[in-house]
Amino acid sequence: MTIRNAGPDGIAPAPDAFDTAPGGSPESPDRTEARLLEAASRLVATRGTRGLSVTEMARAAGVSRPTVYRRWESADDVLRALLAHRAQLVITAVGPRAADRATIVAKVVRFGDLLRADPVFGRLLTDEPEVFTRYAFERIGRSQRVILEWLAAAIGAAQQGGTVRAGSATDLAVMVLLISQSAVLSQRTVTTVIDDDALRAELAHALDGYLRP
């Protein structure tokens, strides 16, 4: 997967006067970026990360290549933005923020189920686990920060209600993220010794015990 800032002649492509929808009418920057991320999602879900290129993204989204270049400078930038976008979609699907320990645990377990079912994350977990590992564990990136903010807000609210132990909400959120990420990434490797329902139950037990006052 390669995204370059300059064309074959070494000159970066000039930006469009404005972003346009497929019909040629002006389009808001937010909507254009959403359309690009939707196109990137389809490409990764069907072809993997090697299928993600500026040319293919532009073609799939119905925009010019300079429109892509204006937003992202490298393949790494595109993939990080895409994973943060998909993580936010999963969080939205999980539902309103939790405010007590039991609901946090249930939502984190549900988050793992939806993450595996997501077409982008699911493709990476199945066919390119090394990519998921790199972006999930090597350093905290945009997708992890989206999840951490969601977790920390819920943990802070539950602490006020007395159902989660005292401590830095962010620190607790980091450990909850690490525990749940490990379970998601390892699920396929342990299916011969524990079934999915049992793994969910044990993950819930581990999270509940960690957060309990």
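How much of the chain's contacts with a separation of 6 or more comes from residues 24 or more positions apart? The share is 67%, where a contact is a pair with heavy atoms within 4.5 Å.

## What you're looking at

This is a predicted model, where local features need pLDDT of at least 70 and side-chain atom pairs count only at pLDDT 80 or more, while totals for chains, interfaces and linings use all residues. Residues are numbered from 1 along each chain as its sequence is written, and side-chain values use heavy atoms, with hydrogens and water left out.

## Overall build

The chain has 10 helices and zero strands. Both kinds of element are DSSP runs numbered from the N terminus (helices are H or I with at least four residues, strands are E with at least two).

Of the 213 residues, 44% are buried. Here buried means under 20% relative accessible area, exposed means over 50%, and partly exposed is in between (1.4 Å probe, protein chains only).

In soluble globular proteins, nonpolar side chains tend to be buried together. In this model the largest nonpolar core has 60 residues, and Met-57, Ile-104 and Ile-155 have the most contacts inside it. Such a core is a set of buried Ala, Val, Leu, Ile, Met, Phe, Trp, Tyr and Cys residues joined through side-chain atoms within 4.5 Å. Beyond its neighbours within four places in sequence, Ile-155 touches residues including Ile-104, Val-164, Leu-172 and Leu-211.

H4 (residues 75-94) has 20 residues, so at 1.5 Å a residue it should span 28 Å, and its end C-alpha atoms agree at 29 Å apart. That expected span is 1.5 Å times one less than the number of residues. Just after H4, Gly-95 takes a positive phi of about 110°.

## Out on the surface

Gln-160 sits in helix H8 (residues 142-161) and counts as exposed because its relative accessibility is 74%.

Over in helix H9 (residues 169-186) you'll find Met-175, which counts as partly exposed because its relative accessibility is 35%.
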